[in-house]
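Please look through the structure shown here, and keep it in view while reading the explanation.

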Amino acid sequence: MSADTNQEMAGLDAATSRAVGLLAKARLPLIAGLGTDVEGVRAALRLAHRTGAAVDHVGAAHIAGELRMVADAGSMTTTLAEARNRGDLIVVCGEGARRWIEETAPFASSETPYDWRGERTLLCLGCTAPTSVAAVAASEEIAGDPVDLLRELKAAIGGRPSSVVHETAVAKLREARFGVFVTDPRDFDHLGLELAQALVKDLNETTRFTSISVPAPAHGRGANLVSAWTTGGRLRVGFGRGFPEQDDWRFSAERLVADGEADLLIWVGALVPDLPDYAASLPTIALVPPGAQATADVVIEVGVPGIHHDAVLTDAVRDAFTFVEASDIATWPSVATVLDGIAAALDAGRENA
Amino acid sequence: MLTLLKGGRVVDPVNGATAVRDLYIRDGVMIAGPAEGEMPDEVHDVTGKIVMAGAIDVHSHIAGGNVTLSRLLLPELHVSEDPAAEGMPFDTARWSTYETGRLYAEMGFTTVIEPALVPTNALQTHLELADIPIIDRGALTVVGNDDHFLSLLRDRQGRDALRDHVAYHLAASRGLGIKVINAGGPAAFHSGLRAFDLDDEVPHYGATSRQIVTALLDAAADIGIPHPLHLHANNLAVPGAPATIADTIAAAEGRPLHFAHIQFYAYGKDADGGMVSGAEEIIRSFADAPNITMDVGQVMYGPTVTISLDLVKQWSGRTFASPGKWILQDGDAEGGGIVPLAYKKKNWVNELQWAIGMELFLLSPDPWRMLLTTDHPNGGSFTTYPKIMHLLMDREERRAWVEAMPEEARNKTAIAAIEREYTFEELAIMTRAGPAKVLGLSDRGHLGPGAVADIAVYDDLPDRTAMFTSARLVLKGGRPVVRDGKALGWTFGTTHHLSPETDPAMTRRIGSYLEGRFGVSPTAFSVPDAPSSARRTSRSSHV
């Protein structure tokens, strides 16, 4: 171990002690941000169980929109690879979906293992057509609020009356062999997403349709999946009663702080370095990447998963778990190391008491 | 470390008749006896108790993307309400991996196999398996519906190429065997088909279900996979499916083949095409085919959820969803269909399903080949196993259930006439030795020298449900992990998998295919080292 590393370890011990001091006084700690890898989320849930904390993730639309829709109504979805390779009609639902397609270019290749797919058709609801899509045979843009347009299209597909009939769009939907709706959960509430899913389901009565959504930020899908298999439910979750309770409203980080219920924040920011505004209103322990300018009562620099240490993350290309080898191994501790260290110090404190 | 299990009534049919005898364990492994004059370091007095090897489940959906999607779909099915035990975080978190491991262990189960390990999402399954405490785990790699495999078949690339393709995915996903789901059906569903039979062709590939199954039987043999091809056959839940099963058995031509959750295929048709028990027809096909093994997939009453990669079946089943919501995911090959169901005692179809499962157990001539499952959670939770054992071992208990059946269901099954009761020895074969044999896990399922010391000790209670729900003592690798029906704390077992030989040329070929298809390197799909234990295929010398 180098002298530098020794110094870092001593610094970490001191920071851990200060964090434990704050945690020991807290009645309702809040672990939020949660931008971290699988090991980091596992450790956060363990610490939450240990301290009775509430846990929330920064990807609010993913939780309160997309996952709420899944729990209320179910869904029809596909993988990004199937959407890219098999989809012959891409329905871009709203500005967020358009922007994501433009920025990440998931449909930029015309190639597909399914040589029968042919060219793609684009149908853009409430947005312009993204320019990054290859092999586009035809493209249609319909201006308006995407929710209104979805409602009108659903009425037409179901043979129900509607004030507006989008004849060419309806024909495109009917002709598709494998249509894919793309939504950004930030553009809709859970009912809007449910509406899109209801249309997808209706279309499957006569042909094949499915959907993908813009990935949640900061490993959001992964964090919720880890919570689901560890606690039984997705985020947001609270451990105040000694067992996990899932509740989007009760354990919303913003609400817990605004209503004065949470009295300590542990910001897990390995993938979200900027502290939220609400951090200014309560004691805060910030786990942030090296060099991040965080203002908090205790600041602990942690490695960035997949860069400074090996990590399992939902990757941005597939939105599925991937093992990512460190590209620039460094000595900063991982989120899991820091949080497990705090839990161990708490246990040691209890034994000494 | 020498451990003595003293005075129990040992039910271990592999190693002899049931008798009161002592068992010795050295460092987690069964031994014949101590050295002369050697005193045990630890003694468990189990006088008057029933002692068996730890039980093994060959087919239980306990981990992976679709299981967790079900958790997300149905929060109301599993609301937690009890504080965790000291030192056992999440043990009361309903339907968590932690609760799963605890509940299995408390029933005396020590090895459980997840039957749907999807190669493109293998890492999630392994992450979840690693979070299931106490028990050992394994998983079956799902093959046969992906574009690369079907293209090899279409292009007549030959038996070796298909073998190498399967070996690649088995190795990369760290599976313990291979499974195929409604062979070709999910691929056909992506292209718009809504039914798929044994001789139907997958659009664009020209391959039939029969050809896929046959190719995979060859691949399993050529790779030397100890577990037979694990088959989710065509026509699940379709009246008349016993004929499909007979045809598929014939197609196997004597090669080892395991049929999953056979109860869901044992539906015959009466003169009007209505559903009746097809159990006798299934058993006729099964009895004459010693190469065939099956697990039952017993239905038990209550709310549950069906989790399946059989998109064709789940699409048609969506109309029965209760509550009325469901998920259908078009995956990279199969995907997943998640449909909640409530099996009701007042529903004659559900009653008939229950009775058909019972018939299959009780008409089976061979407990080595007809194994206990509920296809958890599809037919019911694995926590109903003790009740199923009770029903099989006690005809009076069963009679009460049969008499409560509605007339409409009772006339369509022969269950009322069956007097058979399972013995302890048959039960030990069906839930221990049989599953171990069919999985190729020769070091478990029995208590002979060399076996791992996974042991379940039960009170000999007339109430078999109570007896098998709460093991008096469970040893995992010789260490006590459950006492008086309660898990003692978190320990972690291993995830068993095979390490078959792979062909470097096929590895390069699949690597370039994956890059083209997904836009990421094949390492994106890899499963890093985790608590795991590589096991041998019959053809590979290395582990």
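The paragraphs below go through parts of chain B.

This is a predicted model, in which local features need pLDDT of at least 70 and side-chain atom pairs count only at pLDDT 80 or more, while totals for chains, interfaces and linings use all residues. Residues are numbered from 1 along each chain as its sequence is written, chains are lettered from A and ligands numbered from 1 in the order in which they are written, and side-chain values use heavy atoms, leaving out hydrogens and water.

An unreviewed UniProt entry annotates residues 42-482 of chain B as "domain: Amidohydrolase"; such annotations may be inferred rather than shown by experiment. Over residues 42-482, chain B is 36% helix and 19% strand, and the end C-alpha atoms lie 16 Å apart. Helices (H or I, at least four residues) and strands (E, at least two) are DSSP runs, numbered from the N terminus.

Helix H2 of chain B, residues 97-106, is mostly covered, with 9 of its 10 residues buried. Buried means under 20% relative accessible area, exposed over 50%, and partly exposed in between (1.4 Å probe, protein chains only). Among the buried residues of H2(B) are Tyr98(B), Arg102(B) and Glu106(B). After H2(B) comes Gly108(B), which has a positive phi, near 90 degrees.

Leu362(B) belongs to helix H11 of chain B, residues 348-363. Leu362(B) counts as buried because its relative accessibility is 4%. The C-alpha atoms of Leu362(B) and Arg420(B) are separated by 6.4 Å, although the two residues are 58 residues apart along the chain.

Asp197(B) sits in the loop between helix H6 (185-190) and helix H7 (209-223) of chain B. Its relative accessibility is 32%, so Asp197(B) counts as partly exposed.
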